[in-house]
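Take a look at the structure below.

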Amino acid sequence: MSSYQEEVISVKLVKMRIDILTLFPEMIENALSFSIPSRAQKADKVEIKAHNLRQWGIDSHGNVDDSPYGGGPGMILRVDVANKALEAVDPDHKAFRIMLSPDGDQFNQSQAKELSEKEHIVILCGRYEGFDARIDKYIDQKVSIGNYVLSGGELAALVITDAVVRLIPGVLGNEESLTHETFENDVTDFPQYTRPDTFDDQTVPEVLKSGHHAEIQKWRQSQQKPLNQG
Ligand code: ADE
């Protein structure tokens, strides 16, 4: 069997799964029903499921949080609830488990690439003031998407899912992956232009209209900057 055939087979067999544990599953499902994440799910490249944490709540009200020992404002996600949810979607801890938190490791393009090669990822979103610190023992990595505090992990989960899914082999068409290949090499994309030729005294660089492919490529490379890896 040629290595090309092997690659085609392995791409087909390994369908990534992403489980997102959240109090707002609709927020996740709605956002992922557009554009490339939607296309990737329809093409069976990835299965993404948002699970409501309340189904693992401690009582009939689905309570998942409680006030912090020692006092203080807000509510804390309970460790028993988080652990039950993690065990339900990943019973043997085979998945890579991420917990979203502003004090986590900064997410970047190289981590997106690494995650795109995993078979199963579980993402735990927090709400409220935070998590019981003992949850750390049941996850593999705490991840932040930037140095600011969001009101919950859902937007961060969406950012990570989008960045990962578009890197799964076969999700972007050939032409799209070529266009974006630059990003995977740790440099930014180059500036692009389309019609009209002139707008409000701004003109398209002559080289792009020259038809000289080598010159165009040289110009584009000269315009790329190192990607800020945080
Ligand atoms: N939850 C709240 N803020 C966050 C951030 N910056 N990154 C990831 N999860 C978060």
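In this predicted model, the ligand sits among Leu100, Ser101, Pro102, Val143, Ser144, Ile145, Gly146, Tyr148, Val149, Leu150, Gly152 and Ala156. Sort these residues by class. Eight of the shell residues are nonpolar and four are polar. None is charged.

Now look for polar atoms facing each other. A backbone N or O atom of tyrosine 148 is 2.8 Å from a nitrogen atom of the ligand. For isoleucine 145, a polar backbone atom lies 3.0 Å from a ligand nitrogen. Glycine 146 also brings a backbone N or O atom, 3.1 Å from a nitrogen of the ligand. How much of the ligand does the protein bury? Alone, the ligand exposes 260 Å². The protein buries 95% of that area.

Which elements give two or more residues to the shell? They are β5 (96-106) and β8. The strand β5 gives the most, with three residues.

Next, follow tyrosine 148. This residue belongs to the loop between β8 (141-144) and α6 (154-165).

Together with Phe24, Met27, Leu150 and Leu155, Tyr148 makes a nonpolar surface patch of about 430 Å². Leu150 is part of this patch, and Leu150 is also one of the residues around the ligand.

How values were computed. Residues numbered from 1 in each chain as written. Predicted model: local features only at pLDDT ≥ 70, side-chain atom pairs only at ≥ 80, totals over all residues. Heavy atoms only, no water. Patch = residues over 30% accessible without salt bridge, like charges linked within 9 Å, V, L, I, M, F, W, Y side chains within 5 Å. Areas by Shrake-Rupley, 256 points an atom, 1.4 Å probe, with all protein chains shown as cover. Salt bridge = Lys/Arg side-chain N within 4 Å of Asp/Glu carboxyl O. Helix = DSSP H or I, 4+ residues; strand = E, 2+ residues; numbered from the N terminus. Near = heavy atom within 4 Å. Polar contact = N/O pair within 3.5 Å; in protein donor to acceptor, adjacent residues only side chain to side chain. Nonpolar A, V, L, I, M, F, W, Y, C, P; charged D, E, K, R; others polar.
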